[in-house]
Each structure stands twice: as structure tokens, then as C-alpha cells.
Amino acid sequence: MLARLDDVARWAQSSSVWPLTMGLACCAIEMMTVTSAEYDIARLGSEVFRSSPRQADLMIVSGRVAQKMAPVVKRLFDQMADPKWVISMGACASSGGVFDNYAIVQGVDTIIPVDVYVPGCPPTPDGLLYAVNLIQQQIREGGRGGILARA
Amino acid sequence: MPSTQTPPIAGVAIDPTSLRPPIDDATIERVERSNLRVRLETLKAEGYTMLLDLGAVDYMPREPRFDLVYHFLKMPIVASSVAEVGTPKRLRVLCAVNDGDVIKTAVDLWQNADWAEREIFDLFGLSFQGHPDMRRIQMPYDWEGHPLRKDYPLRGPGNERSPRPPFALKSNVQAGTPPTGRTLEALQEQVKKAQGK
């Protein structure tokens with residue numbers, strides 16, 4: 001069997017993208033559904049939601065980010081070990097959504113870099129699964145950033 | 001129990017001495033700010049052991065501008081029988097206050113007033129004298145302004161991308177003093193136009 005070490009590492013990495021346990025709002029309900037038997041994110045190797053940012057590879061920003069929450073999200077992202085990826089899940093995380101007001105950050109990409117945006121309010125669990133798929137694809141291909149998960 | 005009372009009439013509360021018609025079985029009373037603390041102490045002594053809620057309302061441009069709203073519950077227990085409990089009584093106390101007025105705290109009477117008063121301070125900017133910890137509770141500590149005030153811009157100070165007319169209160173329009181310069185007739189005209197008449 002012949003393979004570049006890089007490819008093997010990427011294959012391993014992309015097959016064990018562990019998300020951070022972080023639910024912010026109603027999108028988190030859909031995020032939890034993704035771990036259920038019906039959708040089963042374990043098929044992608046991402047069923048291990050880590051409670052410590054030190055052990056997580058993927059941050060799923062699942063919901064609106066309040067101005068008060070923003071420094072916390074930023075800090076959690078900074079505490080995650082490199083390499084790390086970010087999914088902006090739903091309208092609120094991506095753009096503030098219907099919360100066009102003083103209390104909500106107008107898009108989480110104003111505070112941390114986002115790799116995949118999932119549209120929807122909330123996105124379906126399939127949408128989130130597809131986003132994780134795109135992250136895996138990115139990892140295998142070594143690319144980064146700014147993808148819209150559109151079916 | 002279904003309410004037999006008529007719902008509140010818009011604009012009634014503009015007059016500080018007027019009271020909205022009750023929408024439940026609560027009795028409503030209005031007290032002067034100078035008498036507030038004494039009245040609260042009396043209520044506590046009378047057996048209103050529970051402060052259900054404490055909030056504030058901004059009635060800009062009314063003078064005085066804000067209303068403090070205390071919701072109380074009294075659960076008198078008939079001592080002779082454990083099974084027999086007296087009829088609970090509800091009371092709502094309104095108190096009109098202005099920006100910067102001295103308001104005495106109720107924390108030493110009802111402990112749950114602590115966070116409620118902090119919330120009022122945070123969102124309306126009314127400060128309570130004698131409160132053990134008068135800090136913001138919801139917004140970040142370094143936040144500027146008080147978001148639930150009617151004159152607070154929706155997107156926060158300096159973040160308005162498109163200018164909006166200031167808040168048009170229905171009651172202002174009825175009172176003939178629209179802050180937007182729009183009269184009741186102009187508003188009705190606008191509604192008619194929107195309905196395509």
C-alpha cells in the first residue's frame with residue numbers, strides 16, 4: 001500500500017472531526033437531532049461532542065450570538081487547538097437573522113473565521129450533516145473557508 | 001378563572017393618576033414615590049409575603065416618564081385547619097418615577113427584588129437606593145445606554161444603518177402630541193392607502 005503521509009493524516013483527520021458541545025439557541029435542537037439514530041452523525045465520525053475546547057476540532061455556532069456571548073465564543077474558539085473548523089449554522093449565526101438589533105452579533109464571521117455557512121431557520125439536520133461533509137471534503141483537499149452549504 | 005374585566009384601554013395610562021382597568025382578579029393601586037417605601041413595608045406586614053414580579057414601563061413622553069410595577073401575592077393560611085387555605089389575594093402597585101429619581105430598594109423586604117431591580121437598572125436606567133449590588137444583569141457591564149427605553153435606537157447607538165422615525169406611540173397620537181410630527185389623521189390616511197382604499 002502506497003500513500004503520501006499527508007493524505008493519510010488528512011484521511012484520519014477528516015474521519016474524526018469532533019465538534020465542541022456548544023448550543024446557543026434553537027438551532028442547537030437540530031444539532032442534537034443530528035446525533036440521533038435517524039440522522040446518526042456517527043457515520044461521519046463526528047458523534048463525539050467534546051465538552052472541552054482543547055479536544056474539539058469543529059465549532060458549530062448553532063444559533064444567535066448575543067453581544068455578551070461574543071467574547072465567550074471568541075475565547076472558546078481561541079482555546080481550540082489548531083487545526084480547527086467552524087460551521088455557522090442557521091440565519092442568526094450567519095447574519096443576525098431576524099434579530100437585527102442591538103443585542104445580537106450581526107454574523108459570527110465578524111468575530112471568528114467561518115468555513116461553512118448552513119442556511120435555514122433552523123437548518124434541517126440533513127443540512128448540518130451536509131455541512132460536516134463539506135468540512136471533511138475541505139480537510140481532504142486542504143482548502144479553507146467561506147462555503148455555503150447549498151443542496 | 002376567565003377574566004370578566006375589560007382589557008386595558010390604550011392611552012389611559014398616559015395620565016399618571018389614572019389606572020388601567022384590571023384584567024385579572026388583582027386590585028391595583030397607585031402610590032406616590034415618596035410613600036412607596038412606607039407602603040411596601042405596610043404590605044409586607046399585612047402578609048403580602050410574595051413579590052411575584054417587579055418591572056417597569058417607559059411611557060415617554062409622559063411626565064413622570066416611568067412606571068414601576070410591583071405584583072404581590074398574599075396567601076393567608078387559616079390556622080385552624082391544614083386543609084383550609086384562605087383565598088389568595090393579588091395586588092398590583094404602580095409608582096410613577098422620573099429619570100434620576102431616588103427610589104428605595106425592596107430587597108430587604110423581598111429578596112427576589114434583587115435581580116428584578118438590577119434588571120430595571122440595566123434596561124431602564126432607574127437606580128435603586130440601598131440595593132446591595134446595583135450592577136447590570138443582562139447586558140455586558142461596559143454597555144452604554146438602557147435598551148428598553150423608548151428613545152433607545154433599535155440597533156444600538158451609532159449602528160442605525162437607515163434613519164428611522166422616532167417611536168410613535170398610539171397614545172401620543174391620540175393625545176395630539178406626536179413626536180414624529182404625524183397626526184392621527186395622517187396615520188389613518190397611511191393605513192387607508194396601505195389597504196388600497
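Two strands are taken to pair if DSSP finds at least two bridges between them. Helices (H or I, at least four residues) and strands (E, at least two) are DSSP runs, numbered from the N terminus.

This is a predicted model, in which local features need pLDDT of at least 70, side-chain atom pairs count only at pLDDT 80 or more, and totals for chains, interfaces and linings use all residues. Residues are numbered from 1 along each chain as its sequence is written, while chains are lettered from A and ligands numbered from 1 in the order in which they are written.

**The sheet of chain B**

Strand β3 (residues 66-74) of chain B pairs with β4(B) in the antiparallel sense, over nine bridges. Within this pairing, B:Y70 stands opposite B:V93 in β4(B), and B:V69 has B:L94 in β4(B) as its bridge partner. Strand β1 (residues 27-31) of chain B and strand β4 (residues 89-97) of chain B pair in the parallel sense, over five bridges. B:L94 in β4(B) is also the bridge partner of B:R30.

Together the strands form an open sheet of four in the order β1-β4-β3-β2 (chain B), with mixed pairing. β1 and β2 (50-58) of chain B stand at the edges with a single partner strand each, so one side of each is left without a neighbour in the sheet. From one strand to the next, the twist averages 20°; such angles run from 0 to 180 degrees between N-to-C directions, and axes are lines fitted to C-alpha atoms, for helices over the stretch in contact.

**Helices on the sheet**

Helix α1(B) packs on the sheet and touches β1, β3 and β4 of chain B, its direction making about 160° with that of β4(B). Contact here requires that the C-beta atoms of two residues, placed from the backbone, lie within 7 Å. The 14 residues of helix α1 (residues 33-46) of chain B should span 20 Å at 1.5 Å a residue, and the end C-alpha atoms are 20 Å apart, which agrees. The expected span is 1.5 Å times one less than the number of residues in the helix. After α1(B) comes B:G47, with a positive phi near 110°. Helix α2 (residues 113-124) of chain B lies across β2 and β3 of chain B and runs at about 5° to β2(B).

**Helix packing in chain A**

In chain A, helix α1 (residues 5-14) and helix α5 (residues 125-141) pack at an angle of about 165°, with their axes 8 Å apart. That makes α1(A) roughly antiparallel to α5(A), a term for angles over 145 degrees. A:R10, A:W11, A:Q13 and A:S14 in α1(A) meet A:Q136, A:I139 and A:R140 in α5(A). The residues of this contact of α1(A) with α5(A) divide into two nonpolar, three polar and two charged. Ala, Val, Leu, Ile, Met, Phe, Trp, Tyr, Cys and Pro count as nonpolar, Asp, Glu, Lys and Arg as charged, and the others, Gly among them, as polar.

**Contact between the chains**

Chain A gives five residues to the contact and chain B seven residues. On the side of chain A that touches chain B, the residues divide into one nonpolar, two polar and two charged.

**Backbone features in loops**

Most residues other than glycine have a negative phi, and most peptide bonds are trans.

A:D40, a residue other than glycine, has a positive phi near 55°. A:D40 lies in the loop between α2 (27-33) and β1 (58-62) of chain A.

Conventions: Parallel < 35°, antiparallel > 145°, perpendicular 65-115°, else oblique.
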